[in-house]
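Work through the exercises below with the sequence and the model side by side. Each task is followed by a stepwise solution.

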Amino acid sequence: MKATKNIAIFIATLMGLAFVGIIGIQFYWIVKTINSEKESFNYQVTGAMLEVVRTLERNELAEEAILFYNEDEIDNHIPSKEELDAYEYSHDQLAESDDKYANKILLTNEFIKHINNKNKNRLIEERINPNVLDSLIDVNLKKRNITSEYEYAVYHQVRDTLLWKHFRNREVFFNNASSFVLFPSDKMKHPSYLLIYFPDNTQSLLKGLTPLLLATSLIVILLACTYFVALKNIIKQKRLVEEENEFLNNMTHEFKTPISTIALASEMLSDPTISKDRELIDKYLKTIRDENKRLGEMADKILTTAKISNGKMNFQMEKLDIHEVIVEIAEQFKMKVEIKDGELILDLNATDTDIYGDKVHITNVISNLLDNANKYSPKKPIIKISTESHNNFVVISIIDNGVGIAKSELKKIFYKLYRVPTGDIHDVKGYGLGLSYTKSIVEAHNGHIEVESELGKGSVFSVYLPLYQEKPTAKIIRKNRKQS
């Protein structure tokens with residue numbers, strides 16, 4: 001049994017580790033996928049913003065060029081000798097007829113100096129049209145299929161000022177926004193920056209990954225269900241093995257007692273000195289008969305339980321008056337209660353008392369419940385049998401003042417081979433088959449059994465049996481047809 005228990009624990013642990021490992025791998029790949037999506041998103045945003053910055057710079061150069069390179073300026077400007085000498089002579093590579101080209105190069109150099117000097121003193125507000133900036137951001141993001149909500153502003157570093165603010169919370173925006181240098185060709189010591197922030201970025205990414213997350217969640221749920229079902233079955237099998245071992249131990253003990261008694265009585269009968277004493281012979285013969293009967297009853301109970309489990313139980317169905325059955329049982333059982341200085345009370349109040357059932361098995365059901373009530377009452381037992389009508393059922397309640405059953409045990413008492421711990425009561429014998437048999441018989445008659453109990457205050461077992469009808473219930477009809 002210990003080896004079986006260890007194997008069960010090992011399998012459960014192995015399955016648990018495998019389950020945790022699978023969840024860990026799934027979680028790792030989900031995180032990796034999310035990070036990959038974030039990197040791809042950031043790459044696209046960077047590309048879009050760099051394009052915005054380049055476009056702003058190109059537009060400014062184009063505007064300044066139009067102002068600087070007008071036709072009159074080009075025609076009227078004649079470079080000085082100093083300007084020509086300053087030009088590094090790549091002039092040597094030019095023909096004399098290329099002075100016009102050299103002139104354009106000089107003008108270009110002048111334009112570059114001009115634009116650099118001019119931009120040193122220009123405010124960022126003078127260089128950017130906010131409407132154009134807004135349009136450029138929107139267009140370039142949409143080009144890269146970025147439709148998430150965004151916030152942006154321009155940050156002037158020297159003045160520590162945010163311009164053209166489009167955000168809800170300055171602190172959140174400033175701490176999380178990505179920054180891009182505006183007019184990077186200026187090579188300024190303190191440039192201005194374009195800041196952009198996507199407040200719903202994570203939510204958008206998760207929305208895009210919804211199919212993956214749903215599929216992963218479904219797999220994890222299925223694995224969890226599989227694991228718990230398997231674990232439940234392992235625990236159930238472990239419990240069955242333990243119960244079977246306990247049953248075998250109990251059965252061995254119970255069978256050994258009458259067998260030993262029969263063997264001893266037989267040995268005594270073979271003694272020549274006893275063979276002359278008729279009274280002793282009759283005593284030992286009676287002992288052999290009683291113990292033999294006891295062995296037969298135990299064997300019948302075990303075989304009956306096996307037949308119920310296999311669905312091979314034969315029922316002799318007939319119309320019964322349940323009150324007559326109860327009174328008959330009570331007359332036979334009354335002596336067992338009175339021996340313990342107890343009392344058996346009948347409180348038969350049901351108005352409809354006819355049922356359709358097997359008298360032998362219905363008798364056994366009530367007898368089992370009465371026997372338990374008597375066995376588990378260590379002091380003077382007060383046992384009450386009551387009946388009442390309830391809808392289309394007759395309810396038979398067996399009420400006792402015994403030791404009671406703990407709430408943790410109530411769900412287990414109908415398990416086959418299960419016996420409730422008896423505490424200080426050590427003389428209660430049995431195999432844990434009585435209540436399992438009782439429940440099976442009641443359910444075979446389309447009824448059900450309920451139990452209420454409290455430790456130290458007793459128990460109430462209530463058997464619900466359907467009232468007799470002109471046509472037997474479907475379940476019993478099918479069972480009888482199968483038997484026939």
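**Exercise 1.** Determine whether Gln-469 is buried, partly exposed or exposed, and place Gln-469 in the chain.

Solution. Step 1: the relative accessibility of Gln-469 is 43%. Step 2: buried means under 20% relative accessible area, exposed means over 50%, and partly exposed lies in between, with a 1.4 Å probe and protein chains only. Gln-469 therefore counts as partly exposed. Step 3: Gln-469 belongs to the loop between S11 and helix H16 (474-483). Helices (H or I, at least four residues) and strands (E, at least two) are DSSP runs numbered from the N terminus.

The model is predicted: local features need pLDDT of at least 70 and side-chain atom pairs count only at pLDDT 80 or more, while totals for chains, interfaces and linings use all residues. Residues are numbered from 1 along each chain as its sequence is written, and side-chain values use heavy atoms, with hydrogens and water left out.

**Exercise 2.** Find which residues touch the most other members of the largest nonpolar core, and which elements build that core.

Solution. Step 1: a nonpolar core is a set of buried Ala, Val, Leu, Ile, Met, Phe, Trp, Tyr and Cys residues joined through side-chain atoms within 4.5 Å. Step 2: the largest such core has 40 residues, and those touching the most other members are Ile-322, Ile-366, Leu-370, Ile-396, Ile-398, Phe-461 and Leu-465. Step 3: elements that give two or more residues to this core include helix H12 (322-339), helix H13 (359-375), helix H15 (434-444) and strand S11 (458-466). H12 gives the most, with seven residues. Step 4: take Ile-398 and set aside its neighbours within four places in sequence; its contacts (heavy atoms within 4.5 Å) include Ile-366, Leu-370, Ile-383 and Phe-461. Step 5: a second, separate core of 23 residues includes Leu-136, Ile-137, Tyr-152 and Leu-182.

**Exercise 3.** Describe how H13 packs against H12 and against H15.

Solution. Step 1: axes are lines fitted to C-alpha atoms, for helices over the stretch in contact, and angles run from 0 to 180 degrees between N-to-C directions. Step 2: the H12 and H13 axes come within 10 Å and cross at roughly 35°. This crossing is right-handed. A crossing is left-handed if the near helix is turned anticlockwise from the far one by less than a right angle, and right-handed if clockwise. Among the residues that make the contact are Ile-322, Ile-329 and Phe-333 of H12 and Ile-366 and Leu-370 of H13. Step 3: H13 and H15 pack at an angle of about 145°, with axes 9 Å apart, and their crossing is left-handed. Here the contact includes His-361, Asn-364 and Leu-369 of H13 and Leu-435, Tyr-437 and Ile-441 of H15. Step 4: the buried residues of H15 include Leu-435, Tyr-437 and Ile-441.

**Exercise 4.** Locate Asn-446 and Phe-183, and state the phi of each.

Solution. Step 1: Asn-446 lies in the loop between H15 and S10, and its phi is near 65°, a positive value in a residue other than glycine. At 24% relative accessibility, Asn-446 counts as partly exposed. Step 2: Phe-183 is in the loop between strand S3 (178-181) and S4, with a positive phi near 50°. Phe-183 counts as buried, at 4% relative accessibility. Step 3: Arg-127 lies over the face of Phe-183, at 3.9 Å from the ring centre. For a charge to sit over a ring, NZ of Lys or CZ of Arg must be within 6 Å of the ring centre and within 35 degrees of the ring normal.
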